[in-house]
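Student: Could we go through this model together? I would like to begin with the contacts along the chain.

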Amino acid sequence: MDFVILSLVMLAIGVYGLLTKRHLLKIFVSIELIATAATLNFVMLGVNNLGVSQAFLILAFSTDTAVSAVILALLVIVSRKYGTSDISKIVQPVEVEQEENSEAQA
């Protein structure tokens, strides 16, 4: 049952990073930490049935790799478009644009 404690600690660190960090790459790492904690639980809970455990592991690795590639590509696009990876600087121009659009429509 040590893996449950480890996965809870990984989940807590991931949630903390997700809530406190403003850099997009750090937010991505936090999300990956949360996903790894879930994967650890799936794999270790299926350890009594080795086939199920291996199937979970293969599924988790393939899914996580595909999702990570898409997210990293999106991070590169966003950082090139806005010139920064700070989420507070990226979100603020979107809100200003929406206010400008609503004023233009009125």
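Tutor: The model is a predicted one. Among contacts between residues at least 6 apart in sequence, 57% join residues at least 24 apart.

Student: How many helices and strands does the protein chain have?

Tutor: The protein chain has four helices and zero strands, and its pattern along the sequence reads α-α-α-α. The chain is more spread out than a compact globule, because its radius of gyration is 19 Å, well over the 13 Å that the globule rule gives for 106 residues.

Student: What does the C-alpha trace span along its principal axes?

Tutor: The span is about 65 × 25 × 25 Å. Of the 106 residues, 17% count as buried.

Student: Turning to S7, is it buried or exposed?

Tutor: S7, which is placed in helix 1 (residues 2-20), has a relative accessible area of 2% and is therefore buried, the cut-off being under 20%.

Student: Which residues does S7 touch, leaving out those up to four places away in sequence?

Tutor: S7 touches A37, L40 and N41. With N41 there is also a polar contact of 3.3 Å between the two side chains.

Student: On to pockets. How much space lies in the largest pocket?

Tutor: The largest pocket holds about 190 Å³. Its lining consists of 13 residues, with A35, T39, A60, T63 and D64 nearest the centre.

Student: Which helix gives the largest share of that lining?

Tutor: Helix 3 does, with seven residues. Helix 2 (24-45) and helix 3 (50-82) each supply at least two.

Student: And how does the lining divide by residue type?

Tutor: There are nine nonpolar, two polar and two charged residues in the lining.

Definitions and conventions: Residues are numbered from 1 along each chain as its sequence is written. This is a predicted model: local features need pLDDT of at least 70, side-chain atom pairs count only at pLDDT 80 or more; totals for chains, interfaces and linings use all residues. Side-chain values use heavy atoms; hydrogens and water are left out. On a 1 Å grid over the protein atoms alone, a cavity is a set of points where a 1.4 Å probe fits but cannot get out, and a pocket is an open set with protein on both sides within 12 Å along at least five of seven lines; lining residues have an atom within 4 Å of a point. Grid points are joined across faces, edges and corners, and a volume is the space filled by probe spheres set on the points. Ala, Val, Leu, Ile, Met, Phe, Trp, Tyr, Cys and Pro count as nonpolar, Asp, Glu, Lys and Arg as charged, and the others, Gly among them, as polar. Buried means under 20% relative accessible area, exposed over 50%, partly exposed in between (1.4 Å probe, protein chains only). A polar contact is a pair of N or O atoms within 3.5 Å; within protein, one must be able to donate a hydrogen and the other to accept it, and residues adjacent in sequence count only if both atoms are side-chain atoms. Contact means heavy atoms within 4.5 Å. The radius of gyration is taken over C-alpha atoms; the globule rule is 2.2 Å times the number of residues to the power 0.38.
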